[in-house]
Amino acid sequence: MSDHLRPEEISALLRLELAPERARDATAHLLRCPSCMEAAFQDSSAPEAAPTPEEASYDAVIDRALAGARRAIVKIRREQGTAEQVVAVLEAEGVAGLGRLPSHLEKLAVYEGLLARSWALRHEDVAQMAELARLAYELALRMDPVLHGHKERMDLQCRASAELANAYRAADRLDLADSTLEQALRLYSQGTGDRLLGIRLLELQASLAAERRQFDFATRSLAVVHKFYLRHGDRHLAGRALISQGLYTGYSGEPEKAIQLLTEGIALIDESRDPNLPAIAIHNQIVCMVDCGLFREARKILSENQTRLEKHGDKINQLKVKWLSGRIEAGFHQLSRAEATFAAAQKGLEAAGLGFDAAIAGLDLAAVLMAQDRMNEAEAQVEAAGRVFIALRIPREALAAVLMLQNAFEKRAATLRIVEEVTAFLRRIEIDPGAGFDPRPS
């Protein structure tokens with residue numbers, strides 16, 4: 001049973017008026033549903049008349065079930081508290097702290113704490129994220145099927161396996177993520193069929209598909225995820241799905257549609273539930289606006305969110321925000337300011353070990369220099385960027401575009417449009433290495 005019991009069903013169960021098969025189903029539901037069990041505790045409609053021997057026997061079965069359910073509620077509440085205790089230990093001591101947890105802690109509390117801490121580390125330490133999810137999966141394997149229920153135990157294994165697959169995806173171990181997610185899907189088929197767990201699996205499949213550059217599958221899947229969460233009243237998760245959908249729509253070359261999805265998603269999310277998400281969404285919203293030439297709108301959004309973007313971004317993200325502001329300045333033909341901004345961003349990205357991004361920033365700088373008729377300086381930037389791209393062994397078609405650009409400078413045939421087209425293509429192949437270069441005819 002997936003829905004809550006109606007009040008009249010609870011009363012009928014307590015009055016022993018349900019048919020035996022229905023009574024067994026309702027009792028099983030009560031054992032899994034603290035909300036319905038609490039409603040049962042509050043029900044005052046059970047008769048006070050002495051039961052018949054048959055009723056007494058039946059009543060004893062129900063009493064044992066309800067007593068077990070009461071214990072389950074207490075246990076659930078206790079485990080919720082101890083899960084927070086597990087998270088606190090993991091935050092302070094890492095995995096080493098697990099050996100010093102109190103021995104009386106329930107396995108389910110440790111399991112929940114491991115997954116909660118794993119998720120919290122997704123932007124900071126993907127290796128630790130994977131390790132904690134793996135430990136949660138191993139713990140789920142040792143859960144007592146009698147205590148937790150066989151199908152519920154499969155759900156626990158499925159959930160941990162799915163989050164482990166997500167950690168592998170974040171660490172760019174895509175083949176391992178694929179096989180682990182397949183395992184999670186097999187486990188799901190053996191579990192309770194919980195719809196929330198199923199929609200989480202679909203969401204993770206979309207993320208993995210996007211890493212494989214299967215953006216159409218990812219966006220269609222996330223549209224389903226968005227509708228599900230919205231229908232079930234979780235605006236934040238609905239907004240998160242829209243933001244991911246917008247991100248992948250932008251990656252697939254539809255920045256105008258991406259802007260709309262990102263804007264709608266940002267309006268739904270609860271920043272307190274995921275403080276980094278708004279900054280990620282807003283940054284991508286601005287990127288899409290710049291790609292569409294909407295520089296006024298991009299500057300407004302950046303100005304309104306400068307503090308937020310700096311607060312929730314690490315050093316590399318702050319460099320990328322600076323780089324993005326240079327693109328906006330260039331869009332307004334504020335060439336001197338854009339030149340200084342691109343030069344600073346290029347230097348910072350280089351120092352951070354992001355050679356590919358630094359080289360693209362160098363091409364942005366070359367375009368600004370060309371717009372000021374400083375062709376020799378622009379050519380020097382293109383040559384320097386070309387050496388980086390060759391050393392990085394970028395995809396063949398991208399390398400061909402770079403060599404074409406260098407050749408145009410050597411022949412004194414380079415134009416600002418060619419520089420901008422090659423730069424835009426190189427931004428794209430960072431997301432989609434299989435993209436093709438199709439410059440506009442002169």
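Tutor: We start with two helices. The axes of H17 (residues 335–351) and H18 (residues 355–371) come within 8 Å and cross at roughly 160°. This is a predicted model, where local features need pLDDT of at least 70, side-chain atom pairs count only at pLDDT 80 or more, and totals for chains, interfaces and linings use all residues. Residues are numbered from 1 along each chain as its sequence is written, and side-chain values use heavy atoms, without hydrogens and water.

Student: Why are H17 and H18 called roughly antiparallel?

Tutor: Angles over 145 degrees count as roughly antiparallel. The axes cross at roughly 160°, so H17 and H18 are roughly antiparallel to each other. The crossing of H17 past H18 is left-handed (the near helix is turned anticlockwise from the far one by less than a right angle).

Student: Which residues of H17 and H18 make the contact?

Tutor: Contact means heavy atoms within 4.5 Å. Among them are Leu335, Phe342 and Leu349 of H17, and Ala361, Leu365 and Val368 of H18. By class, the contact of H17 with H18 has 11 nonpolar, 2 polar and 4 charged residues.

Student: What makes a set of residues a nonpolar core?

Tutor: The residues must be buried Ala, Val, Leu, Ile, Met, Phe, Trp, Tyr or Cys, joined through side-chain atoms within 4.5 Å. The largest such core here has 39 residues. Phe389, Leu405, Phe409 and Leu426 have the most contacts inside it. H18 gives the most to this core, with 12 residues.

Student: What is Phe409 in contact with, leaving aside neighbours within four places in sequence?

Tutor: The partners of Phe409 include Met370, Met375, Val382 and Val419. Apart from this core lies another, of 38 residues, with Leu132 and Leu181 among them.

Student: How do you know that Phe215 is buried?

Tutor: Buried means under 20% relative accessible area, with a 1.4 Å probe and protein chains only. Phe215 has 7%, so Phe215 is buried. Phe215 sits in helix H11 (residues 215–231). Beyond neighbours within four places in sequence, its contacts include Tyr248, Tyr251 and Ile431.

Student: How many helices and strands does the protein have?

Tutor: There are 21 helices and 0 strands. Both are DSSP runs numbered from the N terminus: helices are H or I with at least four residues, strands are E with at least two. Of the 442 residues in the protein, 47% are buried.

Technical notes:
Axes are lines fitted to C-alpha atoms, for helices over the stretch in contact, and angles run from 0 to 180 degrees between N-to-C directions. Angles under 35 degrees count as roughly parallel, over 145 as roughly antiparallel, 65 to 115 as roughly perpendicular and the rest as oblique. Ala, Val, Leu, Ile, Met, Phe, Trp, Tyr, Cys and Pro count as nonpolar, Asp, Glu, Lys and Arg as charged, and the others, Gly among them, as polar. Buried means under 20% relative accessible area, exposed over 50%, partly exposed in between (1.4 Å probe, protein chains only).
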